[in-house]
Amino acid sequence: MSEPLLEVENLAKRFGGIIATDDLALTIAAGELHAVIGPNGAGKTTLIAQLSGQLASDSGRIRFAGNDISALPMHRRSRLGLARSFQITSLFLDLSVLDNVALAVQAQVGHSFRFWRDARREPELRQPARVALERVGLAGRADLPASALSHGEHRQLELAMALAGKPRMLLLDEPMAGLGPEESARMVEMLRALKRELTILLVEHDMEAVFALADRITVLVYGRVIASGAPEDIRANEEVRQAYLGEAEGEVGHG
Amino acid sequence: MTLFIEQCLNGVQFGLLLFLLAAGLTLVFGIMDLVNLAHGSLYMIGAYFAATFVAWTGSFVLGTALAVIATLLVGMVVEVIVMRRLYGRDHLDHVLATFGLILFFDEFVRLIWGPDGLSMPLPSWLLTSVTILPGISYSAYRLSMIAVTLGVAAFLYVLVMRTRVGMLIRAGASNREMVGALGVNIKLLFTLVFGLGSALAGLAGLMQAPILTVQIGMGENIIILAFVITVIGGIGSVRGAFVAAILVGFVDTLGRSYLPDMLRMVLSTDAAATAAPALSSMLIYLLMAVVLIVKPEGLFSAGGK
Amino acid sequence: MKGRPIVRDIVAAALLVALILLPVYADLAGDQFTLTLFTRIVVLAMAAVSLNLILGYGGMMSFGHAAYLGIGGYAVGILAFEGVVSGFAQWPVALAASALFALVIGALSLRTRGVYFIMITLAFAQMAYYVIAGLARYGGDDGLTIQTRSRFFAPLNLGNRVQFYYLCLALLLAAMVLVWRLINSRFGLVIQGTRSNDTRMRALGFPTYRYKLVCFVIAGTLCGLAGALLANQADFVSPAMMYWTRSGDLIIMVVLGGMGSVFGPLFGAVALLALEETLSGITEYWQIILGPLLLLVVLFARGGIDGLLRQIGPWRKRQEFTKVGA
């Protein structure tokens with residue numbers, strides 16, 4: 001039995017009177033694609049924020065690859081191989097698409113206290129960036145300003161940036177937010193291809209995608225885990241159905 | 001001992017004056033998210049108006065009252081012409097635009113009143129001293145300053161915490177769009193708030209006029225202190241501004257009085273004489289630095305009023 | 001600069017040529033005043049270049065940059081007063097003092113953002129002003145005259161107006177080249193990324209605070225050098241050099257010229273000071289025009305002069321997003 005790559009114990013977070021995360025426990029094995037679903041306000045983005053280090057938890061522990069990262073700042077966790085994408089597009093809009101991804105590469109390749117050499121001519125940075133753009137299908141848009149891209153392309157760029165740093169694990173926060181059916185299908189295929197190389201924590205509302213991709217699913221309601229297990233078990237779980245899937249059952253389809 | 005009490009009172013008086021200035025600044029920032037460097041210009045204009053109106057009308061009370069109203073009006077005009085175009089913009093834009101306003105106002109004042117500054121003499125009934133405790137007398141004017149500013153502080157408290165307008169102000173601070181959606185005339189609200197802030201600045205300016213100065217550039221000198229107070233107290237918090245202002249008033253006044261003596265105990269007379277003025281000036285900024293290290297968002301962060 | 005020339009490049013080149021040839025003109029026309037004026041412009045342009053690094057590229061709205069002019073200037077002034085006239089002693093002190101001040105202020109201020117950052121940098125710079133103004137020995141409010149300019153090895157003589165001008169110009173150009181290389185280097189991209197989206201940079205793995213601090217120190221040190229030059233140019237230093245409104249003047253130069261562009265600060269310094277000279281010839285109250293003018297630039301011409309120049313002419317290039325100097 002391999003050691004889990006990500007282990008979360010007793011995670012808790014309150015905002016004033018609101019409990020965002022309530023004694024949350026989660027284990028994700030290496031190579032797994034683990035989906036986290038739940039109604040709006042369930043605390044999914046808050047969870048990702050705590051895992052990535054953007055938000056400090058009130059209590060609990062997070063272990064990544066055997067290391068306790070609970071107190072580590074965001075940039076250190078990233079360096080350890082834990083990358084995230086953002087639900088609301090968070091890019092460098094005034095830089096080029098390639099620059100965006102190259103920065104993601106640069107973060108993982110040595111230090112950046114280099115003051116003279118033109119970084120845009122460093123193959124060490126630009127090559128992996130182009131490769132990442134290829135993988136998400138944006139190679140042709142590399143030299144445009146990021147602001148010129150469509151929303152769907154922004155989501156692709158988000159993914160490219162998360163990949164560029166060659167992470168061990170990806171925290172994906174609603175990568176399909178706002179995507180049309182075609183773009184969603186493409187994203188699902190991309191994620192399916194990634195599954196083999198990376199461990200992924202996927203927060204999503206798109207149930208088709210979730211059931212198509214997930215190895216295991218955790219259901220969050222009001223910051224609390226109400227069910228966790230294989231997709232078939234989750235689908236059959238009464239509590240989950242009541243709380244969340246409800247009439248959406250019909251939309252799940254044959255995934 | 002009497003000197004100490006007098007200095008304490010001076011500290012309180014100075015602090016309250018600073019509060020008037022900082023309250024306007026922090027209100028405008030908290031509610032309209034507007035950085036207004038030109039706040040000090042309204043302070044200056046209040047003083048100039050007062051000196052002029054008091055001389056015209058011959059009455060201290062009437063003159064100063066007119067000055068406050070005039071500053072209120074100027075503030076509202078500035079809001080409509082300039083500030084409205086700045087809402088929602090980058091803070092750098094605010095800084096640049098209001099800096100431009102400072103340049104404009106300084107020259108404008110110079111154009112109308114000349115470069116030499118004015119004086120504002122006190123009426124005889126305020127030139128007396130009042131015995132507050134056996135053996136301790138204090139300037140009547142400074143006492144009246146304390147009284148007036150405390151009154152204004154109380155008025156602000158009631159306004160913000162207990163009236164409908166105040167509720168709108170507090171609501172506007174946390175959610176501008178919502179208040180607009182509720183059908184409240186946001187534009188008018190903002191104009192009034194800015195006018196209020198300007199009036200407070202003008203009042204502060206005219207109050208210190210008989211004691212200190214009425215000259216071009218006086219706003220630039222004091223606005224820094226208002227900023228320091230805002231940072232220490234927490235941007236957007238009037239309560240924070242009050243606490244911070246009193247604190248700063250105390251530290252600055254008592255520091256300047258007693259630091260030279262304290263230094264003389266440790267250093268030679270010459271060294272103390274050299275270091276004292278420099279160090280006294282530094283005190284407030286050291287205080288700010290300490291607060292920043294301990295609590296970077298200020299003592300009472302935004303929202304607490 | 002790649003590709004076909006655009007109007008902006010032509011204007012920049014013309015300006016550089018004019019600056020290089022200026023002393024020749026001054027000699028021929030017997031116009032020493034213009035030489036002195038432009039020496040001042042060149043030095044202030046250097047200060048603007050340093051500010052542009054943190055403000056234009058780094059997005060750090062420092063309102064206390066003039067403090068470094070004062071620190072650098074007073075390093076020269078105080079040492080000269082105490083009998084140390086060698087530039088080899090004075091200038092390193094000016095640089096070191098500026099760097100140290102920038103380090104301390106930066107370390108404290110960079111923990112804050114937005115408005116707080118503006119107010120804090122302003123406050124600390126003003127603190128430095130009061131400290132220096134409080135030093136009675138060195139003239140206090142009245143300032144300090146510098147009897148002899150910084151001495152280096154012969155034949156370099158800062159007292160010679162033409163030599164001094166060329167020294168300042170050379171240093172300005174060196175500063176511009178330095179900033180240009182810096183901004184396109186790994187370090188520079190981090191700084192630009194931080195300006196664009198600080199949270200994302202940290203999510204990617206960059207300890208942004210560290211980089212901003214280093215950038216802040218570089219900018220402060222460069223401005224300290226400008227201060228040392230300014231002290232020599234005026235043969236005089238006073239606390240007024242570092243009063244907070246002077247920081248505002250520097251910001252005007254950077255914004256007017258065009259933030260985040262290599263030539264912007266130079267355009268801005270020339271424009272502002274030339275504007276001052278001409279306007280003050282017209283009316284005593286020229287600042288009444290400058291104020292609203294600044295307002296208009298902020299509201300309608302955010303790209304400044306550089307931005308405007310990029311948009312006119314036959315081979316116009318639309319506002320490029322990243323390629324600096326191109």
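**A first look at chain A**

Author: Chain A is assigned two domains: domain 1 covers 1-81 + 168-255, and domain 2 covers 92-166. Keep in mind that this is a predicted model.

Reader: Thanks! How many Å separate the centres of domain 1 and domain 2 of chain A?
Author: Taken over C-alpha atoms, the centres of domain 1 of chain A and domain 2 of chain A are 26 Å apart. Their contact takes eight residues from domain 1 of chain A and nine residues from domain 2 of chain A.

Reader: Which helix gives the largest share of the domain 1 side?
Author: That is helix H6 (residues 181-195) of chain A, with three residues. By class, the domain 1 side that touches domain 2 of chain A has five nonpolar, two polar and one charged residues.

Reader: Switching topic: how many residues does the contact take from chain A and from chain C?
Author: There are 30 residues from chain A and 23 residues from chain C. On the chain A side, H3(A) gives the most, with six residues. The side of chain A that touches chain C divides into 13 nonpolar, nine polar and eight charged residues.

Reader: One more: is A:Ala129 buried or exposed?
Author: A:Ala129 is buried, because it has 23 C-beta neighbours inside 10 Å, and the cut-off for buried is 20 or more. A:Ala129 sits in helix H4 (residues 123-136) of chain A.

Reader: And what does A:Ala129 touch?
Author: Leaving out residues up to four places away in sequence, A:Ala129 touches A:Leu98, A:Val101, A:Ala102, A:Val105 and A:Ala164.

Notes. Residues are numbered from 1 along each chain as its sequence is written. Chains are lettered from A and ligands numbered from 1 in the order in which they are written. This is a predicted model: local features need pLDDT of at least 70, side-chain atom pairs count only at pLDDT 80 or more; totals for chains, interfaces and linings use all residues. Domain bounds come from an automatic or database domain assignment. Two residues are in contact if their C-beta atoms, placed from the backbone, lie within 7 Å. Helices (H or I, at least four residues) and strands (E, at least two) are DSSP runs, numbered from the N terminus. Ala, Val, Leu, Ile, Met, Phe, Trp, Tyr, Cys and Pro count as nonpolar, Asp, Glu, Lys and Arg as charged, and the others, Gly among them, as polar. A residue is buried if 20 or more other C-beta atoms lie within 10 Å of its own, exposed if 12 or fewer, and partly exposed in between; C-beta atoms are placed from the backbone.
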